[in-house]
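Trainee: I would like to go through this model term by term. Please set each label against its definition.

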Amino acid sequence: MTAQAVMGILDTPPGKITGGEILFRGKDLLKFKEEERRKVRGAEMAMIFQDALSSLNPVLSVGDQLGEMFTVHRGCPERTRAPRRSS
């Protein structure tokens, strides 16, 4: 739950941050707008979920899911990602 609060992915409700600060590299993450937090997540901090239901989506290929991270967080154009291989 603490890691989810730090990452800004705490389910509300029931969870709620009522006070304090979350300092990351000297900056309070609680004062960040969602867009700013999104830039930090994946680029500077990440969370590895331990349960299977929060891990990779079995409907999508692993390559597509990892490629999405590079597109969203690293600015890698989707067209430069490796093409899908057919079975």
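Trainee: Which residues does Val40 touch, not counting residues up to four places away in sequence?

Mentor: Val40 touches Phe24, Phe32 and Met45. Contact means heavy atoms within 4.5 Å. One caution: this is a predicted model, where local features need pLDDT of at least 70, side-chain atom pairs count only at pLDDT 80 or more, and totals for chains, interfaces and linings use all residues. Residues are numbered from 1 along each chain as its sequence is written, and side-chain values use heavy atoms, with hydrogens and water left out.

Trainee: Why is Ile9 called partly exposed?

Mentor: Its relative accessibility is 30%. Buried means under 20% relative accessible area, exposed over 50%, and partly exposed in between (1.4 Å probe, protein chains only). Ile9 therefore counts as partly exposed. Leaving aside neighbours within four places in sequence, Ile9 is in contact with Gln4, Arg41, Met47 and Phe49.

Trainee: And why is Arg25 called exposed?

Mentor: Arg25 has a relative accessible area of 65%, so it counts as exposed. Arg25 sits in the loop between E1 and strand E2 (27–28). Helices (H or I, at least four residues) and strands (E, at least two) are DSSP runs, numbered from the N terminus.

Trainee: What is the phi of Arg25?

Mentor: It is positive, about 55 degrees, although Arg25 is not a glycine. Most residues other than glycine have a negative phi, and most peptide bonds are trans.

Trainee: Which peptide bond has omega near -10 degrees?

Mentor: The one from Thr12 to Pro13, which is cis. Another cis bond joins Pro13 and Pro14, with omega about 15 degrees.

Trainee: What makes a nonpolar core?

Mentor: Buried Ala, Val, Leu, Ile, Met, Phe, Trp, Tyr and Cys residues, joined through side-chain atoms within 4.5 Å. The largest such core has five: Met7, Ile22, Leu29, Val40 and Met45. Of the 87 residues of the protein, 15% count as buried.

Trainee: What makes a pocket, rather than a cavity?

Mentor: Both are sets of points on a 1 Å grid over the protein atoms alone. In a cavity a 1.4 Å probe fits but cannot get out; a pocket is an open set with protein on both sides within 12 Å along at least five of seven lines. The largest pocket has a volume of about 690 Å³. Of its 18 lining residues, the closest to the centre are Met47, Phe49, Gln65, Met69 and His73. Lining residues have an atom within 4 Å of a point.

Trainee: Which helix gives the largest share of that lining?

Mentor: Helix H3 (residues 62–74), with six residues.

Technical notes:
Grid points are joined across faces, edges and corners, and a volume is the space filled by probe spheres set on the points.
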